[in-house]
Each structure stands twice: as structure tokens, then as C-alpha cells.
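Please look over the sequence and the model before reading on.

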Amino acid sequence: MTQVYRLYAMPHSLYSGRARSYLIKNAIGFQEFSSGHESFKRDVLPDSKLPTIPTLVTPAGEVIRDGAAIISHFEENRGWPSLPEGPRQRILSLLFDVIGTDGLLRPAMHYRWNFPESNQHFVGFHFFHSQRDMPERREKSDHMMGRMRHAAEAFGVTEESQSLVESLYQNFLEALNRHFEHVPYLFGWRPSIGDYGLLAPLYAHLGRDPHPARIMLQRAPRVYRWVERMNRLDHDMPEYFEPGSDFLENDAIPETLINVLQTLAVDFVPETEAAATVINAWLDSNQPASGVAAIGRLAEAPGMAEFVVRDRTMTALAQPHRFFLLQRVQANYEALTVGDQSAVQGLLSECGLLPVLDFRLSRAICRQGNLEVWDAVL
Ligand SMILES: N[C@@H](CCC(=O)N[C@@H](CS)C(=O)NCC(=O)O)C(=O)O
């Protein structure tokens with residue numbers, strides 16, 4: 001039995017940043033180990049089923065694979081303190097979790113893989129050192145890097161789309177920087193589920209790899225500070241002179257946050273719509289049995305989604321993962337009163353995100369034994 005939590009993670013891993021920040025901010029003691037550590041294959045993988053990070057091992061030996069599941073494990077036991085109670089803040093917070101972990105993969109991959117002159121040494125260092133010292137270390141890390149470089153293309157970064165990916169990201173970064181002029185976190189004075197989700201791409205890739213980190217430092221210092229803040233136990237907000245301590249009162253959503261979401265909706269909405277169409281057609285013709293893996297290496301890839309952003313056609317892998325998290329947004333929305341639903345609709349409409357309430361797969365995805373699997377046909 002271990003004494004503290006063991007977090008299998010890596011500094012350069014996108015999804016690790018989300019779980020690590022949650023543990024830090026919530027004063028949960030942990031030690032971080034690489035997935036290259038021999039205990040990962042031996043003790044963890046039999047229960048985690050997939051070799052992904054982050055994976056948490058509790059002091060009692062329970063293995064929890066997946067960042068959202070790690071956060072839910074603590075939140076469920078504590079009554080979801082990181083999810084604002086106000087319906088508008090609650091729904092947006094959950095949406096930021098989806099957009100962070102899925103919607104921003106394109107800029108994250110682009111700024112990591114397409115600037116080798118600035119990034120190669122730093123990124124190569126991390127991939128190399130995530131493997132143990134063994135004869136095939138170089139070969140293994142080169143293989144991993146090749147896989148991830150290919151993933152960038154699969155997520156829709158091509159020579160033709162690069163300038164669009166950059167302009168969307170820079171609009172978003174500027175809007176987020178303006179938002180943090182007023183408050184240190186998305187919904188006020190403490191971090192929410194949405195902050196953790198959004199940190200995923202903004203830490204390991206966009207806030208830490210040399211090329212994009214320089215962009216963030218120079219053009220969006222307040223976003224850079226938020227990234228630092230999300231990795232500290234204290235509130236870390238000395239630049240705010242009249243700080244509060246909770247989410248904003250009266251379920252307030254600042255105009256600046258609406259502007260951030262408007263920049264994110266530009267590709268998130270058409271991509272999600274197209275991905276739903278592709279996956280639903282795949283579900284129709286394949287009819288996977290209930291309990292079959294829907295996400296991760298054991299799952300079949302349903303295909304590529306084609307969608308138009310600012311008159312340009314983009315193609316990206318249609319990934320069930322975004323719908324797994326979107327289900328949670330939709331379930332929370334459905335649990336609201338009619339009055340609250342209409343307040344949320346008005347807000348989402350202003351953000352350009354109203355359609356996401358209706359983008360659904362014909363089959364739900366649930367978790368079973370650390371895997372996300374297709375649910376039974378209803
Ligand atoms: N849905 C998972 C995704 C985890 C994931 O894909 N992590 C990447 C690193 S950022 C990984 O472990 N990739 C290795 C693999 O897929 O084999 C989560 O949110 O934790």
C-alpha cells in the first residue's frame with residue numbers, strides 16, 4: 001500500500017496538466033511517476049487497461065485512468081465543489097472542459113510540432129526521458145514522436161489550414177487575456193472544472209513548449225499568469241487588488257467570457273456537428289455491442305469529419321471523446337428547471353454555442369472498468 005496518491009503523468013503531456021492542477025489546487029498529496037516507470041506496466045496497466053496518462057493510484061491501491069475520472073473521483077465525494085451551482089456558470093464550466101480537452105487540440109498540436117527549430121530540442125528531451133534507460137530508448141521515443149506528429153495532421157493541421165489555426169488561436173488568446181484583466185479564473189475567484197479542462201492544452205503545449213510559450217508570454221501575460229496560478233496551491237493573485245474568494249455572485253457571466261467563447265465556437269461548432277454525423281453513420285453500420293471500447297487504442301476510429309470554417313474546408317478525425325464529455329453538459333442542462341434552461345439557452349446563443357446542446361450520438365458512452373465503452377442500444 002502506498003502512503004500518498006501516485007500520479008502517473010508527464011510534464012509534456014496535455015491531459016496530465018488537467019489532473020495535476022486539480023490535485024495541487026485541492027491540496028491532495030501526490031507523487032508523480034512517469035509511465036516509463038517499471039511499476040506502470042507491472043502494477044497499473046492490468047487495471048488501467050490502456051497505457052494513457054494521467055492515471056492515478058489511490059493510497060488504497062485503486063487505479064483510476066483518465067483525467068475526468070480522476071477529478072470526478074474527488075468531486076463526487078465532496079459534493080462537486082469545483083462545479084459552480086449557478087446554471088449558467090455550471091453549463092459553461094462543463095463546456096470549457098470539453099473545449100479544453102478536445103476543441104483546442106488543433107492549435108496545441110500545431111504549435112508543438114510545426115516549429116521544430118524552436119521546439120525540437122525541448123520536446124525531444126521530454127519524449128526521450130519519458131522512457132527508461134534501455135537499449136531501445138531512442139527508437140521508442142522517436143516512434144512516439146512520429147505518432148504524435150501524425151496526430152497533428154489527423155486533428156486537421158495541414159499546410160493549407162495552418163494560418164487559419166493560428167488566427168483562431170490568437171483571437172482566443174487575446175480574448176482570454178482581456179478576461180483575466182478582471183478576474184483570475186474563468187468564473188471569478190477560484191478555479192472550476194472548466195479551468196482544469198482549459199489548462200490541458202494551455203499548459204504542456206501552448207504554455208510550455210518554447211515557440212507557443214513565447215507567444216503567450218509576449219502577447220497574453222495574464223493568460224501566462226493563469227497557467228502559473230493553476231499550478232500553485234495558493235490563490236496566487238497579487239495583481240488583483242480587491243480579490244474575492246468564490247465564483248462570481250448571482251451566476252454572473254462577464255462579457256469578456258462570452259467573447260472568449262465566441263472565438264472558440266468558430267471551429268468547435270462545425271467540427272462537433274460534422275463529427276456527430278460521421279460517428280452516427282459509423283454506429284449505424286457497425287452496431288458495436290454494448291461494452292465495446294468507444295475511446296482509446298482499443299476502439300475503432302469511426303472516420304474523418306469534414307467541416308467548413310471561415311470558408312475553408314477542414315478535415316479532422318471524428319473523435320467520440322468529445323461526445324463523452326458533451327453528454328455531461330447535456331445531462332446537466334436537462335436537469336435544470338425550464339426557467340434556468342431558457343437562461344442557459346440565451347447565454348449559449350450569445351456565445352454562438354447553442355447548437356452544441358443538440359449534437360448527440362445515437363449511442364451513449366459510459367465507463368466500465370476504466371474504459372469508455374458504448375452503452376446499450378436504447
Ligand atoms: N481521455 C484521457 C486521454 C489521455 C491521453 O490520451 N493521454 C495521452 C498523453 S497526453 C497518452 O497517454 N497517450 C498515449 C497513448 O495513447 O497510448 C484523459 O483525459 O486522461
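Domain bounds, as used here, come from an automatic or database domain assignment. For this protein that assignment gives domain 1 (5-78) and domain 2 (87-374). The model is a predicted one, in which local features need pLDDT of at least 70 and side-chain atom pairs count only at pLDDT 80 or more, while totals for chains, interfaces and linings use all residues. Residues are numbered from 1 along each chain as its sequence is written.

**Where the domains meet**

The centres of domain 1 and domain 2, taken over C-alpha atoms, are separated by 19 Å. Two residues are in contact if their C-beta atoms, placed from the backbone, lie within 7 Å, and by this rule 27 residues of domain 1 are in contact with 29 residues of domain 2. Helices (H or I, at least four residues) and strands (E, at least two) are DSSP runs, numbered from the N terminus. The elements in the table each supply at least two residues of the side of domain 1 that touches domain 2, and H1 gives the most to that side, with nine residues.

| Element | Residues |
|---|---|
| Helix H2 | 38-48 |
| Strand S4 | 63-65 |
| Helix H3 | 67-78 |

**Helices H1 and H9**

Axes are lines fitted to C-alpha atoms, for helices over the stretch in contact, and angles run from 0 to 180 degrees between N-to-C directions. The axes of helix H1 (residues 14-25) and helix H9 (residues 193-203) come within 7 Å and cross at roughly 135°. That makes H1 oblique to H9, because angles under 35 degrees count as roughly parallel, over 145 as roughly antiparallel, 65 to 115 as roughly perpendicular and the rest as oblique. Among the residues that meet here are Leu-14 and Tyr-15 in H1 and Tyr-196 and Gly-197 in H9.

A residue is buried if 20 or more other C-beta atoms lie within 10 Å of its own, exposed if 12 or fewer, and partly exposed in between, with C-beta atoms placed from the backbone. Eleven of the eleven residues of H9 are buried, and what covers them includes H1, H3 and helix H4 (87-103).

**The nonpolar core**

A nonpolar core is a set of buried Ala, Val, Leu, Ile, Met, Phe, Trp, Tyr and Cys residues joined through C-beta atoms within 7 Å. The largest such core has 99 residues, and those with the most contacts inside it are Leu-95 and Val-223. Helix H12 (residues 255-286) gives the most to this core, with eleven residues.
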